[in-house]
Amino acid sequence: MANQPTLLVTGASGHLGRRAAEILLETKAGKVIAGTRDPSKIGDLAAKGAELRKVDFDDPALSDAFKGVDRLLLISTDALDTPGKRLRQHKAAIEAAKKAGVKHIVYTSMPKPEPGSPIPFAPDHYGTEQALAESGIGWTVLRNSWYQENLFHSLPQVLASGKWFSAAGDGKVAHVSREDAAYAAAAALATQPNGNARYDITGSELLTTKEIAKLAAEATGKPIEVVSVTDEQLTQGMIAAGLPAFLAPVFASFDTNTRKGNIAIASSAVRELTGRTPRSLQQFFSANKEALSHAH
Ligand SMILES: NC(=O)c1ccc[n+]([C@@H]2O[C@H](COP(=O)([O-])OP(=O)(O)OC[C@H]3O[C@@H](n4cnc5c(N)ncnc54)[C@H](OP(=O)(O)O)[C@@H]3O)[C@@H](O)[C@H]2O)c1
C-alpha cells in the first residue's frame with residue numbers, strides 16, 4: 001500500500017460525501033480519510049477502514065486537517081442561508097489545501113454556473129471554479145446536474161394534486177442519480193490525475209417537464225397535468241402554498257434556468273469515469289413510486 005495515495009473526502013456525513021467515501025473504501029482506492037464537522041456521525045466509516053478527521057471550512061485551523069493528503073474531494077456545502085458564505089467556505093478550503101500541500105482537488109460544481117445564470121447560488125460555484133484555477137493546485141471540476149432525488153421535494157405534491165405548475169416550458173434536463181454522482185466523484189478522486197479536467201455529470205436522457213410528468217404518471221398510475229405558468233406566478237403560488245418567501249424565487253429559478261436551456265446537457269462522463277450505465281429517470285420512478293406517491 002506504500003504507493004497508494006492519501007484521499008480525503010470532505011462532508012463525509014452528507015449524502016454524497018458518505019457514499020463517495022464508502023465507494024473509495026470498497027474499491028480500496030487508497031488511504032481514505034473521511035472529513036466531517038461531526039466525526040461521531042460517521043463511526044461506521046471508521047469501522048470500514050477510514051481515518052476520521054474533523055473538517056469544518058469555517059475552522060481557522062483547517063489546514064491541519066488536510067496534512068498528508070494527496071488529493072481532496074471538496075464537496076460544496078449547503079450554506080445557502082447567508083449570501084457569500086458558501087464561496088468564502090470553499091475559498092478557505094482551497095487556501096487550507098494549498099497550505100497543507102494537497103496536490104489535487106476534485107470539486108462538485110453545477111452545470112453552466114457562469115455569470116448570467118438565473119440560479120441565485122451559481123456565483124458560489126463559478127467563484128469556486130475560478131479560485132481553483134488560480135490556486136496552482138491541480139483540479140477536476142464535476143458539474144453535477146440536478147439529482148433525481150430532488151424530485152422527492154416536488155413530486156409528492158404534484159401527484160397528490162394532479163397538477164404540475166411549471167415555468168420550464170420545453171426546456172430539458174438530464175437528472176443524475178446521486179449514487180451515480182457519488183461513483184463519479186469517487187472515480188475522479190481515485191484516478192491519478194492527468195492535468196486539470198471538467199466534466200458534466202448527468203443522466204443520459206434529456207427530458208422536458210411534460211416527458212418527466214408522463215414517466216412519473218406511468219410509474220405511479222396517477223395522472224399529471226402540466227400547467228404552464230410564468231416565473232412570477234410560480235413564485236407567488238409557492239409562497240401561497242407555504243414555501244418561505246426567500247426560498248420561492250430560488251426554486252422558481254430552476255424552471256427559469258431550464259427554460260433558458262442552461263441545463264440541457266447530457267454527457268457520457270458518468271460512463272467514462274465509472275464504467276456504469278447511469279440510472280434512468282424511469283428506473284428511479286419505478287424504484288421509488290411508493291415514496292413519491294405519499295406526500296411527506
Ligand atoms: N446537484 C443537485 O441537485 C444538488 C442538490 C442538493 C445539494 N447539492 C449540493 O451538493 C452538495 C452535496 O449534496 P448532498 O446531497 O450530500 O447534501 P447534504 O446531504 O445536504 O450535505 C450537505 C453537505 O455540506 C457539508 N457542509 C456543510 N457545512 C460545512 C462546513 N462548514 N464545512 C465543511 N462541509 C460542510 C456537510 O458536511 P458535514 O455535515 O459532514 O460536515 C455535508 O456534506 C450539497 O452540499 C450542495 O452543495 C446539489
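**Two domains and a ligand**

In this predicted model, domain 1 (6-144) and domain 2 (145-177 + 202-265 + 277-296) both give residues to the shell around the ligand, so the ligand lies between them.

Q: How many residues surround the ligand, and which helix gives the most to the shell around the ligand?
A: Start with the whole shell: 26 residues surround the ligand. The closest are Gly11, Ser13, Gly14, Leu16 and Thr36. As for the helix that gives the most, with 3 residues, look at helix 1 (residues 15-26).

Q: By class, how many polar residues does the shell around the ligand have?
A: Sort the shell by class and you get 8 nonpolar and 5 charged residues. That leaves the polar class, and here the count is 13.

Q: How many residues of domain 2 are in contact with domain 1?
A: The C-alpha centres of the two domains lie 28 Å apart, but the domains do have residues in contact. On the domain 1 side there are 7 such residues, and by class these are 4 nonpolar, 2 polar and 1 charged. On the domain 2 side, the number in contact is 10.

Q: What is the radius of gyration of the protein?
A: Let's get an overview: the secondary structure comes to 13 helices and 11 strands. For 296 residues the globule rule gives 19 Å, and the protein's value is close to that, so the protein is as compact as a globular protein of that length. Its radius of gyration is 20 Å.

Q: What share of the contacts with a separation of 6 or more comes from residues 24 or more positions apart?
A: Picture the C-alpha atoms filling a box of roughly 60 × 35 × 35 Å along the principal axes. Buried residues make up 43% of the 296 residues in there. Among contacts with a separation of 6 or more, residues 24 or more positions apart account for 77%.

Q: Which residues is alanine 185 in contact with, leaving aside its neighbours within four places in sequence?
A: Skip the neighbours within four places, and the contacts of alanine 185 are Leu16, Ala20, Leu73, Val106, Thr108 and Leu142.

Q: Is lysine 112 buried or exposed?
A: Lysine 112 sits in the loop between strand 5 (104-109) and helix 5 (122-135). Its phi is positive, about 40°, although it is not a glycine. Now count: lysine 112 has 20 C-beta neighbours inside 10 Å, and 20 or more is what it takes, so lysine 112 counts as buried.

Q: Is lysine 28 buried or exposed?
A: You'll find lysine 28 in the loop between helix 1 and strand 2 (31-36). Lysine 28 has a positive phi too, near 50°. With 12 other C-beta atoms within 10 Å, lysine 28 is exposed.

Q: What separates the C-alpha atoms of leucine 151 and leucine 292?
A: Leucine 151 lies in helix 6 (residues 151-161) and counts as partly exposed, with 19 C-beta neighbours inside 10 Å. Leucine 292 is 141 residues apart from leucine 151 along the chain.

Terms used
Residues are numbered from 1 along each chain as its sequence is written. This is a predicted model: local features need pLDDT of at least 70, side-chain atom pairs count only at pLDDT 80 or more; totals for chains, interfaces and linings use all residues. Domain bounds come from an automatic or database domain assignment. Two residues are in contact if their C-beta atoms, placed from the backbone, lie within 7 Å. Ala, Val, Leu, Ile, Met, Phe, Trp, Tyr, Cys and Pro count as nonpolar, Asp, Glu, Lys and Arg as charged, and the others, Gly among them, as polar. A residue is near a molecule or strand if its C-beta atom, placed from the backbone, lies within 6 Å of it. Helices (H or I, at least four residues) and strands (E, at least two) are DSSP runs, numbered from the N terminus. The radius of gyration is taken over C-alpha atoms; the globule rule is 2.2 Å times the number of residues to the power 0.38.
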